[in-house]
Structure formats: C-alpha cells, structure tokens
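This briefing is meant for a reader who is meeting the structure for the first time. Please look over the sequence and the model below before turning to the notes that follow.

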Amino acid sequence: MLPALFLGVAMERMILTPRLACMAALVPQGARLADVGTDHGKLPLSLLLEGRVASAIGSDIGEGPLAHAARNAQEHGVSLSLRLAPGLDAVRTEECDTVSIAGMGGQTIAEILQAAPWTAGGSHLLLLQPMTMVYELRRWLWSHGYAIERETVCREGRRQYVILSARGGAPIKEVPLPQCSYSSALLRAQGAADYLRHLLARERRALAGMERARTADDDRLLEQRALVEHIEQALEELV
Ligand SMILES: C[S@@+](CC[C@H](N)C(=O)[O-])C[C@H]1O[C@@H](n2cnc3c(N)ncnc32)[C@H](O)[C@@H]1O
C-alpha cells in the first residue's frame, strides 16, 4: 500500500519512542486500527504515514490530547479519524480489526475492554501495553475468555515493558495471581530471561520488605512467596 499523499504538506516520518515503535511493529500490514488513549496520536499517525494501515482511529478521553493529535495530523497531512470518548465508547466493532491500548495502567485497560464486550468475540487483535498491574491484566484477560497469543518485551532506556497480543473467543481460565506473573507466550519472547530477572529482583525485594515489616497478613505473604518461587522456576527452565 502507498503512503497517503497530501498536496503541499511535508510528509515527514514520525519518530516513535522505542516502546511505541515496538507497538507499531506488531500492527499487521493493512490493519484497520483503533488506538485508544492516543494522546499525541503518534502511533496511528506513523502507521498511516508509512502506509502500514488501511485506516486509523485515534480515541481519547481528553480534549487536550485530541487537539494535540489533530495538530500532529494536520502538520503531517494525514487523515486520522479522532474520537472524544472514554475507552472504545465512540468506536464501532466493524470500524476496526486491531485495537491498541498503550501507556495506561492494567486495570484501566481491563475496564476499557470490559466496557466493549465486542472485543471478546475473537475477531479483533488487541495490542495491550500496560504500565502497571500487568499480572492483574493477564488474570483478567484469562478469566474473561481472552487468549494471550504473544508477548513482546521492549526496552526503553533502563525500563522494560511488555506488550500483550490478545484475542477473545478463548475458554475462560481462572488463574491464581502468582501464576499470572508471566504467560507461556512471555517465555517464548526475545529478552524474556532478562525481563524475568528484573521481575524476580523486584519481587524478592518486595518479599524481603514484607518479612521485615511484618505488616502483611499471612495470605499476602504466602502469595508473595509463591510469586517469587513461580518466577524462579520459569528462569530455571529458560536458562
Ligand atoms: C500516558 S498517555 C499514553 C499515550 C500513548 N498511548 C502512549 O502509549 O504513548 C495516556 C492517554 O490515555 C488517555 N486516557 C486515559 N484514560 C482513558 C480512557 N479511559 N479512555 C480513553 N483514553 C484514556 C489520556 O487522556 C492520555 O492521553
């Protein structure tokens, strides 16, 4: 597909941060994308500029972010359909086949999917990049009939992020939280061992803090120990 052309406007490439570049690389060629929480709109705009997507919607709950996306679209001469609404409230199921939600907490991502039950049907690829509460997001996905097909580890400076490629239409799985610290898809990802080493160090610190402070209740302490053991087992299998 040829990049969209716009007379009289410089069609410069949009530079993405490594995290957003990782998201962009996972969007299938020719996709009809809905990017939720689009903010500056850089993810859909770069994909439109590169001719990678057939169409793109940028949706955001905030007027300021959408105005920013509109300015960026105009500057680059790209037609991005902008929607002011929470989550997917202003996106119809037939308008997209790929939904991206990046840069938000795992709980917010789960709430956005819950409010749009059509995402559970299995016909949409969901690219989810949680900043926090990753275990909780995996648990929510599994318990609501979404499969995690792939996980991608990406680095930005010293930080590492995971992107979950998920799809509805899967059997419901109730998984205890410690076992949501990774999925089998994460173990197949490039960089998984390094990601898990960082995770293990963080969870060991949290466990040591709980043991020192003696404030956590017994259930919470047992859960944290199980979490640490679960990640240790994964690392043993990986290396
Ligand atoms: C930190 S920015 C992330 C921007 C971009 N997606 C990225 O990953 O760089 C979060 C954006 O999500 C928007 N947002 C937060 N909660 C939202 C919701 N429930 N529905 C839609 N947009 C939301 C905010 O207004 C903000 O523009």
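In this predicted model, the axes of helix H1 (residues 18-26) and helix H2 come within 10 Å and cross at roughly 50°. An angle of that kind makes H1 oblique to H2, and H1 passes H2 in a right-handed crossing. The points below continue with this pair of helices, and then take up the other helix pairs, the ligand and the domains.

**Helices H1 and H2**

- On the H1 side the contact is made by Leu20, Met23 and Ala24, which meet Lys42, Leu43, Ser46 and Leu47 in H2.
- Sorted by class, the residues of this contact of H1 with H2 are five nonpolar, one polar and one charged.

**Helices H2 and H3**

- Helix H2, which covers residues 42-49, also packs with helix H3 (residues 63-76), at an angle of about 20° and with the two axes 10 Å apart.
- Because angles under 35 degrees count as roughly parallel, H2 is described as roughly parallel to H3.
- The crossing of H2 and H3 is right-handed.
- From H2, the residues Lys42, Leu45 and Leu49 meet Asn72, Ala73 and His76 in H3, and the residues of this contact divide into three nonpolar, two polar and one charged.
- Lys42 is listed among the H2 residues that meet H1, and Lys42 is also listed among the H2 residues that meet H3.

**Helices H4 and H5**

- The H4 residues Gly106, Gln107, Ile109 and Ala110 meet Val134, Glu136, Leu137 and Trp140 in H5, and by class the residues of the contact are five nonpolar, two polar and one charged.

**Surroundings of the ligand**

- There are 16 residues around the ligand, and those that come nearest are Gly37, Asp39, Pro65, Ala102 and Gly103.
- Strand E4 (98-104) and helix H4 are the elements that give two or more residues to the shell around the ligand.
- With three residues, E4 gives the most to this shell.
- Taken by class, the shell around the ligand has eight nonpolar, six polar and two charged residues.

**Domains**

- The chain is divided into domain 1, which spans residues 18-173, and domain 2, which spans residues 191-239.
- The centres of domain 1 and domain 2, taken over C-alpha atoms, are separated by 29 Å.

Conventions:
Residues numbered from 1 in each chain as written. Predicted model: local features only at pLDDT ≥ 70, side-chain atom pairs only at ≥ 80, totals over all residues. Contact = placed C-beta atoms within 7 Å. Helix = DSSP H or I, 4+ residues; strand = E, 2+ residues; numbered from the N terminus. Nonpolar A, V, L, I, M, F, W, Y, C, P; charged D, E, K, R; others polar. Domains from an automatic or database assignment. Near = placed C-beta within 6 Å. Axes fitted to C-alpha atoms, helices over the stretch in contact; angles between N-to-C directions. Parallel < 35°, antiparallel > 145°, perpendicular 65-115°, else oblique. Left-handed = near helix turned anticlockwise from the far one by under 90°.
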